[in-house]
Every structure is written in C-alpha cells, then in structure tokens.
Amino acid sequence: WLTIRDRYGYVAKKQRGKSRTVDYLSYPVEDESAWKTVKEMFDLESRLRRNNDHALIDDEGFPFRTAPAPDWKNAGEKITAAREGEYYLLALAYGPHETCWRLRGFTQTLMDLIERPDLISDISETYLSYLLSVIDVCIDRGGEIDGFMMVEDLAGTRGMLMSPDTG
C-alpha cells in the first residue's frame, strides 16, 4: 500500500501497482473554520505572488499530486511542445461537487447539502471562481487549449446522488 498526503491536503492510500479505488483517510476541510484557511488557497492573485508565479496547473495525474506545480514558463513550454507535436490539448478540472467531497469527504459533503448548504455553496462558488481565473490567466499567457473537460460524479448506477432541486 502507498499512503500519501497530496499537496492539496488530503491523505489517501491505494494499493501499489494496482488501478483500484483510492481510500481517503482524511480531508483538509474538517470543519467550517478549516474552510476559512483552505479558502485562501483559492485566491489566485495572492497565490501567484506567494508562489513566485507558479502556474497552479498540472500535467501530473490525479489523485496524488505530489510534485510541485510547474511555473507558467514551464507550463507554456509544455503547451508549445504539444502544439508542435500536433497533439489535441485537453484541460481537465474537477467539478464543484467533486471538489467539495475531496475537501470535505464524500459522505460529509452529502450531509452538508442538507445541513450546511451555505458551506457547500461557498466552497463551490469559490472553486468555480478560482477555476475561471486560472483559465483566464492561461489564455492571457498564451496557453490556448483545444478542449475542456470537467470531472464530476453526480450519480450512481441507479440514479442521481441527490435531487436536482437540492441546494
């Protein structure tokens, strides 16, 4: 087994050499006060200043992002190299529900939809605003992509995980 804390704060384990379900052991937003601290991670301008203009984008697979994010120069070089190789460039990001449960835990996020909808709304809106800011900066810096895909898991084999009317 491999147990790791990724740079976004969750701790998970998975079986080495196997492509199996990841077992999450802890999450960075245990309560609403922890969200106030984690929320600062979603302020792009201050993160760019604090992180010496690092891109905050990845070409490393998820989960288990452990390597530092590339800076904008290196990210741009990777995009240019892919363009020269005539690759289709697809940007991938978590959706708001996927982001919430990775920060709060799957079961807790479903409970929060009923018990703390304001918290879920704040996390979702903060994340989406951050994501749009990252996309804008990428485009402004010449990081044009061909497509965008949002990873979101809102249903099981028998239907939605929550009513579309929830929240």
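The structure holds zero disulfides, a disulfide being a pair of cysteine sulfur atoms within 2.5 Å. This is a predicted model, in which local features need pLDDT of at least 70 and side-chain atom pairs count only at pLDDT 80 or more, while totals for chains, interfaces and linings use all residues. Residues are numbered from 1 along each chain as its sequence is written, and side-chain values use heavy atoms, with hydrogens and water left out.

Cysteine 100 has a relative accessible area of 1% and is therefore buried. Cysteine 138 is also classed as buried, at 14% relative accessibility. Buried denotes under 20% relative accessible area, exposed over 50%, and partly exposed the range in between (1.4 Å probe, protein chains only).

## Overall architecture

The protein chain contains six helices and seven strands, in the sequence pattern β-β-β-α-α-α-β-α-α-α-β-β-β. Helices (H or I, at least four residues) and strands (E, at least two) are DSSP runs, numbered from the N terminus.

Of the 167 residues in the protein chain, 38% are buried. The chain has an accessible surface of about 10500 Å², and carbon and sulfur atoms account for 52% of that surface; such areas come from the Shrake-Rupley method with a 1.4 Å probe, and for residues only the protein chains shown count as cover. Among contacts with a separation of 6 or more, 57% join residues 24 or more positions apart, contact meaning heavy atoms within 4.5 Å.

Strands in the order 1-2-3 form an open sheet of three strands with antiparallel pairing. Strand 1 (2–5) and strand 3 (23–26) are at the edges and have a single partner strand each, so one side of each lacks a neighbour in the sheet. Neighbouring strands of this sheet are turned by 25° against each other on average, direction ignored; the axes are lines fitted to C-alpha atoms, for helices over the stretch in contact, and angles run from 0 to 180 degrees between N-to-C directions.

Four bridges link strand 1 to strand 2 (residues 11–14) in the antiparallel sense; two strands pair if DSSP finds at least two bridges between them. Isoleucine 4 lies opposite alanine 12 of strand 2.

## Nonpolar cores

The largest nonpolar core has 23 residues, of which Trp35, Val38, Phe42, Leu44, Leu103, Ile123 and Tyr127 touch the most other members. At least two residues of this core come from each of helix 1 (32–39), helix 2 (44–50), strand 4 (90–94), helix 4 (96–104) and helix 6 (117–140). Helix 6 contributes the most, nine residues. A second, separate core has six residues, including Ala12, Tyr24, Tyr27 and Trp101. A nonpolar core is a set of buried Ala, Val, Leu, Ile, Met, Phe, Trp, Tyr and Cys residues joined through side-chain atoms within 4.5 Å.

Not counting residues up to four places away in sequence, tryptophan 35 touches Val29, Phe42, Leu103, Leu119, Asp122, Ile123 and Thr126.

Histidine 97 belongs to helix 4 and is buried because its relative accessible area is 10%. Apart from neighbours within four places in sequence, histidine 97 is in contact with Phe106, Thr109, Leu110, Glu152, Asp153, Leu154, Leu161 and Met162.

Tyrosine 87 sits in the loop between helix 3 (72–84) and strand 4 and counts as exposed because its relative accessibility is 58%. With neighbours within four places in sequence set aside, tyrosine 87 is in contact with Ala82 and Asp146. Tyrosine 87 and aspartate 146 are 59 residues apart along the chain, and their C-alpha atoms are separated by 9.3 Å.
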